[in-house]
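Open the model in your viewer and keep the sequence panel beside it. The tour moves from one selection to the next and says what is there.

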Amino acid sequence: LGHLLSSLPAGHLNPFLELRPGVLSPFMLALAISQIIGMNNITHGAAGYVFVKNGRDARKAAVVTLVGMIFLPLLWAIPAFASVLVFPDLASKFPLLKNPSEAAYAALAVEVLPAGLVGLLVCAIFAATMSTMDAGLNRSAGIIVRNFYLPIINPEASETRQLILGKVVTGLFGGLMILTGIFFSTLESLPLFDLILIASAAVGIPVAVPLFLGIFIKRTPPWAGWSTALVGFAASLVLHVWMTPERLQIFGAGDVPPTPREIGELRIALTNGVLVAVSAAWFFLTMFFYRHTRAAYRQQVEEFFTEMHTPIDMASEHIASYDNDCRQYRVLGKACVAYGGLLMLFAAVPNSLTGVLGILFCGGFIATIGAICWWISHRIRPEPWEKADLNETVTVPPA
């Protein structure tokens, strides 16, 4: 790692060579705020704390996430640094790309990965993308049906009608995603990284802000969440029309206009900062209408926050099926051993010694983790319901 960093071109790690502090600082601040909101609202990061068994496990989940978000980006940066040395001129290697630097990761993977692993990497990319997309479609359809259609439009809707509507909404959202992808493909002049940040901010922040603030603020009317999303979407459309390169020239320093790179960062900073401010301001404004809400709704809100702040009593609240650590360790262990063993078979593909050792290390590492989980599953004493799941004969006393 030391040799890699020392071999980089002079100033490669100094962002102020291409970006003035007046541009870089707002960019970092706006992005940090939007990421905190995006990763800690009730449908993303914070949702993971709801699915654990108690407060102690929730704190463990938070610590694991924190450690991962600190150290994993350092690992992700290594291929980007190495690509500068392996491919000093990506433009000549990919002459048809408007932004050749976007191909750095793929080019480095093809260059250094052993034979057989490039195809596996492509499969992993598609799998990760699809798993995120289908979860997002399912979640969005559920929000529309259960949090908008059912309480506001048709409170008497049957389960069948809700299911049909959920399928329709899923199809509509899927179509919108396809059209959005086609539209993005026409924006060849905008770097892919900037495009992702702008798109995620324009769509994600108006939804994430009420889902984040709603965890802490309870004196809001029932329409505060979806109205904040609509106001945020409207603000993102206005920003998209207003933020032309000509208008962004006003952020130059003196007689020095901003560079194309700085214009891109300014667009990201303004999109994130303005949408967070507008969405949060509207959400807070809705608090003035809280006193006009129905008493039944206020009682429901009070009960929700009381329950949220009440620690879980494992003895009285948990049913037996919650204590499924044994089964989870067993399933995950078997899956990791199978995946790791399958990956180790790639060592039979003709490769250099380094490539063979790399494949064996990756596959062996996954299989070892699986073996440890499998071993732990046998060390944990199964609950009676788990023994029944293992097809063992048990006698369960009557309740």
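This is a predicted model: local features need pLDDT of at least 70, side-chain atom pairs count only at pLDDT 80 or more; totals for chains, interfaces and linings use all residues.

Select Gln 162 first. Leaving aside its neighbours within four places in sequence, Gln 162 is in contact with Val 145, Arg 146, Leu 150 and Ala 157, where contact means heavy atoms within 4.5 Å. Gln 162 belongs to helix H8 (residues 159–185). Helices (H or I, at least four residues) and strands (E, at least two) are DSSP runs, numbered from the N terminus. Because its relative accessibility is 8%, Gln 162 counts as buried. The cut-offs are these: buried is under 20% relative accessible area, exposed is over 50%, and partly exposed is in between (1.4 Å probe, protein chains only).

Residues are numbered from 1 along each chain as its sequence is written, and side-chain values use heavy atoms, with hydrogens and water left out.

Zoom out to the whole chain. The chain has 16 helices and zero strands. Its C-alpha trace spans about 75 × 65 × 40 Å along the principal axes. Of its 399 residues, 28% count as buried. Among contacts with a separation of 6 or more, 71% join residues 24 or more positions apart.

Next, select helix H4 (residues 55–86) and helix H6 (residues 104–112). At what angle do H4 and H6 pack? The angle is about 75 degrees, and the axes are 9 Å apart. Axes here are lines fitted to C-alpha atoms, for helices over the stretch in contact, and angles run from 0 to 180 degrees between N-to-C directions. H4 is therefore roughly perpendicular to H6; that term covers 65 to 115 degrees, with under 35 being roughly parallel, over 145 roughly antiparallel and the rest oblique. Show the side chains: H4 contributes Pro 79, Ala 82, Ser 83 and Val 86, and H6 contributes Ala 104, Tyr 105, Leu 108 and Glu 111. These residues divide into six nonpolar, one polar and one charged. Ala, Val, Leu, Ile, Met, Phe, Trp, Tyr, Cys and Pro count as nonpolar, Asp, Glu, Lys and Arg as charged, and the others, Gly among them, as polar.

Stay on Ser 83, which is buried, with a relative accessible area of 5%. Apart from its neighbours within four places in sequence, Ser 83 is in contact with Pro 88, Ala 104 and Leu 108.

Now turn to the rings. The whole structure holds five aromatic pairs. Rings of Phe, Tyr and Trp (its six-membered ring) pair if their centres lie within 6.5 Å; planes under 30 degrees apart are stacked, over 60 edge-to-face and the rest tilted. Select Phe 212 and Phe 216: their ring centres are 5.4 Å apart and their planes are at 65 degrees, so the pair is edge-to-face. Is Phe 212 buried or exposed? Phe 212 is buried, at 17% relative accessibility, whereas Phe 216 is exposed, at 58%.

Then select Phe 361 and Phe 365. Their ring centres are 6.1 Å apart and their planes are at 35 degrees, so this pair is tilted. The two residues are four apart in helix H15 (residues 353–379), so about one helical turn separates them.
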